[in-house]
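Please open the model in your viewer and keep the sequence panel beside it. The stops below go from selection to selection.

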Amino acid sequence: MDRYAVIGNPIAHSKSPLIHRMFAEQTGQALTYEALLAPLDDFAGTLRGFLADGHGVNVTVPFKEQAWALVDSHSAAAERAGAVNTILRQADGSLLGDNTDGRGLVRDLQTNAGIKLRGARILLLGAGGASRGVIQPLLAARPSQLCVVNRTVDKAEQLATLFNDLGPISAAGLHWLEESVDLIVNATSASLGGEVPAISPKLIRPGHTVCYDMMYASEPTAFNRWASEHGAARCVDGLGMLVEQAAEAFELWRGVRPETAPVFAALRRN
Ligand code: NDP
């Protein structure tokens, strides 16, 4: 049977094995998918060991940038993002790195949540690995403005410069903006610690602004609770993005597109 895995540290919490097993069952694909904990100082060893006979790998925190440097070639999405979350071992043994996070986010926003991105004013909070991976697909959806807002402003400015030729992108610090936007995407890791980035609540126009937290949990995240308290029209968490980015990876590996809705519903029930 073809073997796949997700590699990260920590990894015990990962829902990826469950998601890919559901995809495999649904599409009749014979494969195994496991979660592998890589030592923080030896991601490369874990990756090489698995791919000696494994067919593909998902990469998660904190190894996506290292994965980018270790593969032989990149998809267009991964090339500029500088981060890889999906690796395919090709027939000749070479490793292709892709980044499916952005396509997963945009699909979840547009298809599942029905949020219009074209012409929207979007604020992207955070300038880490997750943010890098989603900028190109967000700009491809033709917003009127995409502002990367980060605690460390330099990092937001670097991203705005890097993606500047792809669309209307700018950078700002957490306290700089007060005018409301259509969509706020939280790509910081603040929710992991129950914190909310220190942005102005005026960025939310009550009853209009949609807020999306890439983090997901069984309860509303700290950011989505904050957004709801300040009148956000809707608050969405990142579970749909997780399932959609996994579907993109599955399609790359197996050439079959799984249905995401039943998998999403099953995870929500868990
Ligand atoms: P990184 O560690 O690379 O980046 C973290 C970012 O969060 C930085 O911009 C950092 O700012 C900012 N940050 C952290 N704490 C705070 C705080 N208290 N206030 C303001 N800003 C803060 O993480 P990733 O980019 O890899 O991941 C970010 C989140 O996205 C995680 O929660 C992850 O689980 C989620 N994610 C979800 C996915 C999904 O499928 N749903 C896919 C990928 C990621 P600074 O630069 O100033 O340190």
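How close do the axes of α5 and helix α6 (residues 129-140) come, and at roughly what angle do they cross? Select both helices: their axes come within 7 Å and cross at roughly 60°, where axes are lines fitted to C-alpha atoms, for helices over the stretch in contact, and angles run from 0 to 180 degrees between N-to-C directions. α5 and α6 are therefore oblique to each other, given that angles under 35 degrees count as roughly parallel, over 145 as roughly antiparallel, 65 to 115 as roughly perpendicular and the rest as oblique. Helices (H or I, at least four residues) and strands (E, at least two) are DSSP runs, numbered from the N terminus.

Before going on, note that this is a predicted model, in which local features need pLDDT of at least 70 and side-chain atom pairs count only at pLDDT 80 or more, while totals for chains, interfaces and linings use all residues. Residues are numbered from 1 along each chain as its sequence is written.

Asp 101, Gly 102, Arg 103, Leu 105 and Val 106 of α5 meet Ala 130, Gly 133, Val 134, Gln 136, Pro 137 and Leu 138 of α6, a contact being two residues whose C-beta atoms, placed from the backbone, lie within 7 Å. This contact has 6 nonpolar, 3 polar and 2 charged residues; Ala, Val, Leu, Ile, Met, Phe, Trp, Tyr, Cys and Pro count as nonpolar, Asp, Glu, Lys and Arg as charged, and the others, Gly among them, as polar.

On the α5 side, the residues in contact are Asp 101, Arg 103, Gly 104, Leu 105, Arg 107, Asp 108 and Asn 112, and they meet Gly 240, Met 241, Glu 244, Gln 245 and Glu 248 in α9. By class, there are 2 nonpolar, 4 polar and 6 charged residues here.

Keep α9 and bring in helix α1 (residues 16-27), whose axis comes within 10 Å of that of α9 and crosses it at roughly 55°. That makes α1 oblique to α9. Ser 16, Ile 19, His 20 and Phe 23 of α1 are in contact with Val 243, Ala 246, Ala 247 and Phe 250 of α9, and this contact has 6 nonpolar, 2 polar and no charged residues.

Now colour residues 238-267, where UniProt, in an unreviewed entry, places the feature "domain: SDH C-terminal"; UniProt positions are given in the numbering used here, feature names are shortened, and annotations may be inferred rather than shown by experiment. The span is 77% helix and 0% strand, with its end C-alpha atoms 12 Å apart.

Most residues other than glycine have a negative phi, and most peptide bonds are trans. A cis peptide bond joins Asn 9 and Pro 10, with omega about 5°, and Pro 10 lies in the loop between β1 (2-8) and α1. The bond from Val 61 to Pro 62 is also cis, with omega near 0°, and Pro 62 lies in the loop between β3 (56-59) and α3. Arg 142, in the loop between α6 and β8 (145-150), has a positive phi, near 60°.
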